[in-house]
Amino acid sequence: MKESFYIEIRAGVGGEEAALFARDLWLMYSKFFIKQGWRFNILDETKTDLGGIKTLIAEVSGENAYSLMKNESGVHRVQRVPLTEKSGRIHTSTASVAILPKLDLPQIQIKDSDLEIEFFRSSGPGGQNVNKVETAVRILHKPTGIIVTCQSERTQQRNREIAIQLLKNKIWELEQQKISGTISELRRNQIGSQERSEKIRTYNFPQNRVTDHRLGKSWNNLENIMKGEIEPIIMSFQKLQNIEN
């Protein structure tokens, strides 16, 4: 079954190294998406001067895409010697991943008076029109404080449509949490405060090991995993879910 979701990656604790790790996570996931034959489109991305990722949000669609990726939500921790470290000291940094299902939500009504919309020039690729005209859009939903941004398309109108769809999904998730007795936004529940202690998975480069702390299981082929070969981890969750069902 074809499914769609939004993936949101944010650098956490660790400064520039956290942003570089966020970039590496995105490269890992995007290679996995390509192997699966899934389509993806970066909606918004903020980078550091060294090419790390402060924030990135993309839309992904493909066969069983959300079902396979939903367990990637949480704080990912890396232990390695950063490229910027001159003394060879191992650093620990984090990045957060949130997986939000893309839903068809025509019933979610948003008042124009509740929106604060700002247009700006795109900082990403897309040609002369995108970079010289204010085609990118940032929307603040004043009642909830949710902010969404899109700069992937060539026109203001299309970026606005995508941003509104993303906003509806985030509002829907927030409402579902309220119904279940929690007023925290789903993304907040998924990624916590991005502290190292809240990790769901550790990528230990010196020991060539990836450990998922929820499964209590490790894999020793870190280099291949970072190249997008995350099927063993994904399938471990699928097997666990099949047992529970």
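The following legends describe close-up views of a predicted model.

Figure 1. Strands of a sheet pair through backbone hydrogen bonds, and the pairing may be parallel or antiparallel.

Figure 2. Strand 1 (residues 2-11) pairs with strand 3 (residues 53-63) in the antiparallel sense, and nine bridges join the two. At one of these positions, isoleucine 7 has alanine 58 in strand 3 as its bridge partner.

Figure 3. A pair of aromatic rings is described by two values, the distance of the centres and the angle of the planes. The model holds nine aromatic pairs. In one of them, phenylalanine 21 and tyrosine 203 are arranged edge-to-face, with 5.4 Å centre to centre and 65° between the planes. This pair links distant parts of the chain, for phenylalanine 21 belongs to helix 1 and tyrosine 203 to strand 9, 182 residues apart. Phenylalanine 21 and tyrosine 203 are both buried. Phenylalanine 32 and tryptophan 38 form another edge-to-face pair, with 5.6 Å centre to centre and 85° between the planes. Phenylalanine 32 and tryptophan 38 are likewise buried. One aromatic cluster is formed by Phe5, Trp26, Tyr29, Phe32, Phe33, Trp38 and Phe40.

**Figure 4. The largest nonpolar core.** In soluble globular proteins, nonpolar side chains tend to be buried together. The largest nonpolar core of this model has 33 residues. Those with the most contacts inside this core are Phe5, Ile7, Tyr29, Phe33, Trp38, Met69 and Tyr203. Two or more residues are given to the core by each of strand 1, helix 1, strand 3, helix 2 (65-69), strand 5, helix 6 (222-226) and helix 7 (231-244). Helix 1 gives the most, with eight residues. Leaving aside neighbours within four places in sequence, phenylalanine 5 is in contact with a set of residues that includes Phe33, Trp38, Ala58, Met69 and Ile99. A second, separate core has 18 residues, among them Ile139, Cys150, Ile171 and Leu174.

Figure 5. Serine 61 is located in strand 3. Is serine 61 buried or exposed? Serine 61 has a relative accessible area of 14%, and is therefore buried. Not counting residues up to four places away in sequence, serine 61 touches Lys2, Glu3, Ser4, Trp38 and Arg39.

Figure 6. Strand 6 (residues 115-120) and strand 7 (residues 136-141) are paired over six bridges, and glutamate 118 has arginine 138 in strand 7 as its bridge partner. Strand 7 is joined to strand 8 (residues 146-150) by five bridges. Across from isoleucine 139 stands valine 148 in strand 8, and across from histidine 141 stands isoleucine 146 in strand 8. The hairpin of strand 7 and strand 8 has four residues between the strands, and in this hairpin glycine 145 takes a positive phi near 80°.

**Figure 7. Arginine side chains over aromatic rings.** The charged end of arginine 138 sits over the ring of phenylalanine 120, 4.4 Å from the ring centre. Arginine 138 is also the bridge partner of glutamate 118. Elsewhere, arginine 80 lies over the face of phenylalanine 205, at 5.1 Å from the ring centre.

Key: Residues are numbered from 1 along each chain as its sequence is written. This is a predicted model: local features need pLDDT of at least 70, side-chain atom pairs count only at pLDDT 80 or more; totals for chains, interfaces and linings use all residues. Side-chain values use heavy atoms; hydrogens and water are left out. Two strands pair if DSSP finds at least two bridges between them. Rings of Phe, Tyr and Trp (its six-membered ring) pair if their centres lie within 6.5 Å; planes under 30 degrees apart count as stacked, over 60 as edge-to-face and the rest as tilted. Buried means under 20% relative accessible area, exposed over 50%, partly exposed in between (1.4 Å probe, protein chains only). A charge sits over a ring if NZ of Lys or CZ of Arg is within 6 Å of the ring centre and within 35 degrees of the ring normal. A nonpolar core is a set of buried Ala, Val, Leu, Ile, Met, Phe, Trp, Tyr and Cys residues joined through side-chain atoms within 4.5 Å. Contact means heavy atoms within 4.5 Å.
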